[in-house]
Each structure stands twice: as structure tokens, then as C-alpha cells.
Amino acid sequence: MHRRDVILGAGAFGLMGEAAMARPKLYVPPEEAPHAQTIMMWPASRKVHPDPVFLEMLQETIIRIANTIATFEPVVMLADKSQHAKARKHLSAAVTLWDIPTEDLWARDAGPLFAWRGQELAVSHIQFNGWGKNQIHKHDGQVASRVAQTLGVPLVPSGLIGEAGGVEHDGEGLLIAHQSSWWRKRNARIVSSEEELKSRLLSAYGATQMIWTAGVAGEDITDYHIDSLARFAGPGRVLMNLPASPDWEDPFHAAAFNTRDVFKERLEVETIPEPNQRRVTSIDFVASYVNYYVCNGAVIAPEFGDPETDAIAVDALKRHYPGRQVITLNVDALGEVGGGIHCATQQIPA
């Protein structure tokens, strides 16, 4: 396998012009830092999810996740006002509904990325465009700016198109990402080089270094988001979800192990095996144990019906997040549309 995989620091990118140099410094805290609340999005569009039965399953799954998180911290559910009565019947009292229209449920991607600018909360704005215009986003493309307006916090442009699910950060200056999620159909026409793209990502997160691997372009709607493969569990520590018996003809398997090899040069890497048995057997089903969400006092994680690998995942999460409850949920409906719990959530730092 031939890959252009590089580890770069901020100093490697050169100057980006006076306007970029004058941009206020931002800092995005790690997910495990204290939260004020969690933001989620209500799936509502029949254009995105034409099967009404399956859309109902997705809504039930989002309700289950929201109500579970709400036992640990407040949750805000974004939905058009016309959807509130239906959602309210099933949501916990600790879940607040905001009248912000949505098409789909992916708060990690379409929702706001919160950052500190000194003592001020801000939205470090990465513009969502439906994963490279692969899906309608009339409302979802405006979610981040509408949340910022609702909260009365500044929206600080990053000059990037993309999704926060396409990058992981440890809160201490290091980002990891697949190049495939940031270049193709997103930023190739708006930045002059990959180096400028990386520099803008570092600025958006308040980071200084990046581990950047190739990924896989064009084989799924996200172009291989990193958060279904690898997650920071703390500074210098990464949990990865890998198949026990890789198929080297599968581009995702090849890219995943290549990413693992690059990470091992720099990071402590622990592997959680993919489930051998699962309730959904479709080849497109995303069965990622690392697509979990860390909230105040808990880790909300998926289970897939494989007693052995489900237990391995829970054990790993308990070791890496001591002092937090590990709660597992059946979120198979999200896996059927290519995501998981982390993809459906976004935190507001405390």
C-alpha cells in the first residue's frame, strides 16, 4: 500500500495572509471535559428517509439516546416546531425542544462545533454541505448558525467545508483525520493546498499538530469519517475498532490498518474487535464500538448483540474512562444509515 501519510505541526504550513493571522484564537475542549448540555437533531425528512417505518425507528433510536444522556446532563433537541408535539410525547423532561428545523439526525456533522475564545463561548464554524452535496441540507446546513444565534454566541468562520465527525482531537493540541473526508467534494476548490487545509483545521480547533492519513474517498457518504474508526480516549491514547480477520480487498480494511500503523508510531493504540455476530448483517452496516459519546458521568456506547465483543468494548471503555458509567444501547437503526451515537450528538462545553 502506498500512502502519503504525514505528521505535521503548525509551523510547517507557512503564512496564510493577514486576515487569517488576525483570526481570534479558539480552543475546542476534548469531549470528556465537562458539558453544559448536549445538542441532538430530530430526523424528519421523508426525502432523506422515504420509508415511514424506518424513519419511525430512527426517531425512536434518537429518543432512546437523548433520554439516556438526559439522566446525566441536559439535552437540547433541535426540530421544526411542527415536530415538537410528536417528539415531546416520548422525550424526558430533561430534554428541551428548540424550534430549529432539521432534515436528518447528524448533530456531530451539521451541528455547531463549540470552542472557547478566551473566556467567551463561540461556534468555530465548519460549514456543513451534506457531505460534499451528497444529501439535501436546506435546513441542516443552517443548524450551526441558527444555534449560535439562539444562544447569542459569535460564529467564527473557519473557511472550511466539512464535518466535525471527520476529525478527532485530544484537547492538548493534536488532531487526527482522514484526508479523504476533507478534500474531495468539500475544500478542493476553496483552499489553495492541502497544507492550507490542515492549517485551517488546526486553527478551528486551537491545535498545533496533526496526524493525517489517506482514508477512503467515494465509497461511503462521509468519505470515511475518522470517528467510526478511531477515537481519542485521552492525550496520546486512541481506541480503534478493527476487524479481527481483515479482507485486504476491502478498501476500508486496508485504510484502517494503514491508519493504525501510522498512529502506532506516535500514539498508544488499543484495538476493539468488530463484532463477529450482529443483529444486522448488511455489508453496509456500521458496527463501530468506538462511535460512543462521553457525557458528564457516563459513556453512552453501542452494543451489537455479540456477547464476546460487546463485553470487550465495555471493558475497554471502563478502563479508559474510570469513574464514569458505561451504558450500552441498541442503536442498530443508526448503523443501517452509516453512523452511531457519536455521530448523533454534539456537546456544549461547561
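Tutor: A cavity is a set of points, on a 1 Å grid over the protein atoms alone, where a 1.4 Å probe fits but cannot get out; lining residues have an atom within 4 Å of a point. A volume is the space filled by probe spheres set on the points, which are joined across faces, edges and corners. This is a predicted model: local features need pLDDT of at least 70, side-chain atom pairs count only at pLDDT 80 or more, and totals for chains, interfaces and linings use all residues. Residues are numbered from 1 along each chain as its sequence is written, and side-chain values use heavy atoms, with hydrogens and water left out.

Student: What volume does the largest cavity have?
Tutor: About 170 Å³. Its lining has 19 residues, and Glu31, Arg108, Glu168, His169 and His342 are the closest to the centre.

Student: How many cavities of 30 Å³ or more are there?
Tutor: Five.

Student: Switching to the core, which residues touch the most other members of the largest nonpolar one?
Tutor: Met77, Leu78 and Leu334, out of 48 residues. A nonpolar core is a set of buried Ala, Val, Leu, Ile, Met, Phe, Trp, Tyr and Cys residues joined through side-chain atoms within 4.5 Å; buried means under 20% relative accessible area (1.4 Å probe, protein chains only).

Student: What is Met77 in contact with, leaving aside neighbours within four places in sequence?
Tutor: Its partners include Met40, Trp42, Ile62, Leu91 and Trp98, where contact means heavy atoms within 4.5 Å.

Student: Which residues are in the second core?
Tutor: That separate core has 22 residues, among them Leu113, Ile126, Trp182 and Trp212.

Note on methods:
On a 1 Å grid over the protein atoms alone, a cavity is a set of points where a 1.4 Å probe fits but cannot get out, and a pocket is an open set with protein on both sides within 12 Å along at least five of seven lines; lining residues have an atom within 4 Å of a point. Buried means under 20% relative accessible area, exposed over 50%, partly exposed in between (1.4 Å probe, protein chains only).
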